[in-house]
Amino acid sequence: MTNSETTLSKLLAESEFNQECKELLSSLPKDKSFFAEYLYQYEGFWYPPNLLEGVLYSQKHFQARDSDIIVVSSPKSGTTWLKALVFALIYRQDYQTPLESHPLLDNNPHTLVPFVEGFNFHTQDTSPGIFSTHIPLGSLPESIKDSPCKLVYCCRNPKDAFVSLWHFMKRLALKEMAGCTMEEMVRGFCRGSSVYGPFWDHALEYWKESRENPGKVLFVMYEEMREQPREWVKRIAEFLECSFTKEEIDNGVLEDIIKLCSLENLSKLEVNQKGKLVNGMETKAFFREGEIGGWRDTLTPLLAEEIDKTTEEKLIGSSFRFFC
Ligand SMILES: Nc1ncnc2c1ncn2[C@@H]1O[C@H](COP(=O)(O)OS(=O)(=O)O)[C@@H](OP(=O)(O)O)[C@H]1O
């Protein structure tokens, strides 16, 4: 068993659950999985037990402040990038160009921006607080829904998000993955039984909320940010009420932030090549190719078609469309 295997398996499956959580788990629908022994369905979405425990904890204890910013995504949809961008945007006055001593140069974005469901949100004592979550809209802690805090949702094409997850799991050599074929994993993903899945319902709920409540939720597409980072980073800044001034644009602050947070830059930093998060996960696992349509190198046409079919079914009655 490799180190990362031990750590992640432990993280996903062997936590010591409190009594309340154990009782809840025994009452929930469960499905065999390759993330942990079982995923459990809670409020319509699927979780490994330890992540569900984090969701329950956050529902009880997370107190959003009015000024807080929450980066939201399904796993593998651009979380790490958006965390870095929002952090760099909000603190850009504190770390002027040239960016030689920026915290993102020696901290992984996941260290700087804690997860709402990660038990360590208490460590964030700055204002505004920047947090991140994969929690579906309906299961967010009430204080997030009720306060004027803002949510930036990052969505990605399901085939690329799936393939990214596949490579991530493979790299972490999770023991539950042993013997799991890609066909099985695609099938699980399509029936919604994937971490924080169904992937489509997750995106659709936030997309709808962004339409109905545009001051609360900004919906961004990973692919559009890749193609037009200037446009989108400016739009995110506007949404977060920290628009770029003309002087900043003239001085190249926008370009510096884009460069600092780029996959090319972050992935070559020592902290992201050799570092580990507090939970033991290797930081390099969060960076790969970031390609649009990269799924073609991994998915067979048949498996791609299976995901497309689910996408088609899920989008019936909605005008929402994924990027490609
Ligand atoms: N800075 C930056 N810019 C653009 N793309 C980036 C960046 N950082 C990570 N990535 C790519 O995002 C994919 C990982 O997704 P997440 O960050 O959402 O993963 S996680 O949910 O936080 O585990 C994963 O995509 P794939 O390359 O397709 O696997 C990463 O390569």
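User: Which of the 22 residues around the ligand come nearest?

Analyst: Lys76, Thr79, Thr80, Ser164 and Gly290 do; a residue counts as near if one of its heavy atoms lies within 4 Å of the molecule. This is a predicted model, where local features need pLDDT of at least 70, side-chain atom pairs count only at pLDDT 80 or more, and totals for chains, interfaces and linings use all residues. Residues are numbered from 1 along each chain as its sequence is written, and side-chain values use heavy atoms, with hydrogens and water left out.

User: What does a polar side-chain atom of Thr80 lie 2.5 Å from?

Analyst: An oxygen atom of the ligand. A backbone N or O atom of Gly78 also lies 3.0 Å from a ligand oxygen.

User: How much of the ligand's accessible area does the protein cover?

Analyst: It covers 97% of the 630 Å² that the ligand has on its own, by the Shrake-Rupley method with a 1.4 Å probe.

User: Other topic: which residues of helix H12 are buried?

Analyst: In H12 (residues 229-239), Trp232, Val233, Ile236, Ala237 and Phe239 are buried, meaning under 20% relative accessible area with a 1.4 Å probe, protein chains only. They cover an arc of only 165° around the axis, so they sit on the same side of H12. The arc is taken from the directions from the helix axis to the C-beta atoms. Helices are DSSP runs (H or I, at least four residues), as are strands (E, at least two), numbered from the N terminus.

User: What do the buried residues of H12 pack against?

Analyst: Among their partners are helix H4 (79-90) and strand S6 (150-155), where contact means heavy atoms within 4.5 Å.

Key: Buried means under 20% relative accessible area, exposed over 50%, partly exposed in between (1.4 Å probe, protein chains only). A polar contact is a pair of N or O atoms within 3.5 Å; within protein, one must be able to donate a hydrogen and the other to accept it, and residues adjacent in sequence count only if both atoms are side-chain atoms.
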